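Subject: Structure handover

Hello,

Please find the structure below.

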Amino acid sequence: CSNNGECNYLTGHCRCNEFREGADCSVLSCEKFHPQCIRCNDDRCTSCREGWGVDEDAPVGEQCISCAAAIDPRCVACNVTTSTCLQCIDPLLTSVRRSGPRAHSPMSLPDDELRRNLSYALPFGTQDPSYFDEAEVYFVADQELTPLNASAVTCDQGLDLDTSVSCRPTPTSHVVCGNYGTVYFESPYYEATEAAGFVRISILRSGGGVGTVSVRYHIEHLSTDDSDITPTAFYTTSQVIEFGPGQIQQSFLITLNDDRVLEGDECFSISLSVHAGPAQLGNQRRTTVCIIDDDANRTCSLESELIGTNAEAEVLTTSAGVSLAFSIQAKSCVGEPQLNGGDYFHAVVTRQRDSEQNVVTGSARHARGEAMIIDAGVGNYHAEMVLNSTGKYQLDICQKVPGGLR
């Protein structure tokens, strides 16, 4: 029995000592030290399967430690004694999503890997290498940057409608394994109502936030035009988004111009390009944004009516010192009378001969000059002004909206 067991001379069979197996007890049963142990001596495990490290001080049955569980989900070779990762790999390559069930499966993929943006939906158990062309190269990050998950943040531009960037901690499974990142849009589709004024777009960066990279975004009109949107918020003109160390998600604002014109929903697309740094672009490098037209029930100046003061006349004739009074009936963009106040109108009376102007402007809480526009609170607005000279006048009324006069 190879001096590793007791022979039964009546049957000719060996009864092997602990950690020995085989007909003559010549084979070490390393799995008795740990199921992942593949080499051992009489006393301990000396080598574990890929992705596991030997802990020589651990008791029998616990001498193989998972590098992924102990250090980083992407670590495939480690020194357990010093808690050091020696090699990193894209976990997608060793995932059961690729190979299907097997006897020794690695740990489950972390949430950020399950959400990973890929060009193809992976068929379960596929062996086709084309599905893994987008695998990323991971390396052990510099020690001063680790642990990566302690400094990972999501940053939002313009929360206070200024150039400041607000960052908050965000969970990630990266600890010591990372790369410069693949950058892509969080969603393939965004939508916002026209009245919202802005739409916030979010960009993700894989790799744990190693180093600094930047991307530029570009607008392509589908059914919109330049009058419908502004590529940035009012406080900036830059379309470059920079990811600093630790930043794994950024968001920014695009301005939606409220035109108070009933025109249906409109869409545009945004695409990314690498501006600086060694980043790569992910499959979701383009997204579509749709502006939901909500003007049907909102006040439109084109539909609102002037009441009184020869409302149908193009030119008004009046005498100096005589009060000029009129009312405005606010109507929605589909021509329905509004039943509530809150709109803001601006009226200009221009003398036809010398272009002398008198201005009427205001709402329920605002007045200026010699006249006032009063919000009656039921969709009607009343104005009165006294002109300084006799003559013919043109009366023009506009509605004030966030995008300007309409």
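The second largest pocket has a volume of about 410 Å³. A pocket here is an open set of points on a 1 Å grid over the protein atoms alone, where a 1.4 Å probe fits, with protein on both sides within 12 Å along at least five of seven lines; the volume is the space filled by probe spheres set on the points, which are joined across faces, edges and corners. It is lined by 22 residues, and those closest to its centre are Asp112, Arg115, Tyr184, Leu204 and Arg205; lining residues have an atom within 4 Å of a point.

This is a predicted model, with local features requiring pLDDT of at least 70 and side-chain atom pairs pLDDT 80 or more, while totals for chains, interfaces and linings use all residues. Residues are numbered from 1 along each chain as its sequence is written, and side-chain values use heavy atoms, without hydrogens and water.

The structure holds 11 disulfides, a disulfide being a pair of cysteine sulfur atoms within 2.5 Å. Among them:

- Cys37 and Cys45 have their sulfur atoms 2.2 Å apart. The S-S torsion is about 110°, so this disulfide is right-handed. Cys37 is buried at 3% relative accessibility (buried: under 20% relative accessible area, exposed: over 50%, partly exposed: in between; 1.4 Å probe, protein chains only), and Cys45 is buried at 2%.
- Cys75 and Cys85 have their sulfur atoms 2.4 Å apart, and both residues are buried.

The sulfur of Cys7 is 4.6 Å from the closest cysteine sulfur, in Cys1, which is too far for a bond. Cys7 is partly exposed, at 28%.

Regards
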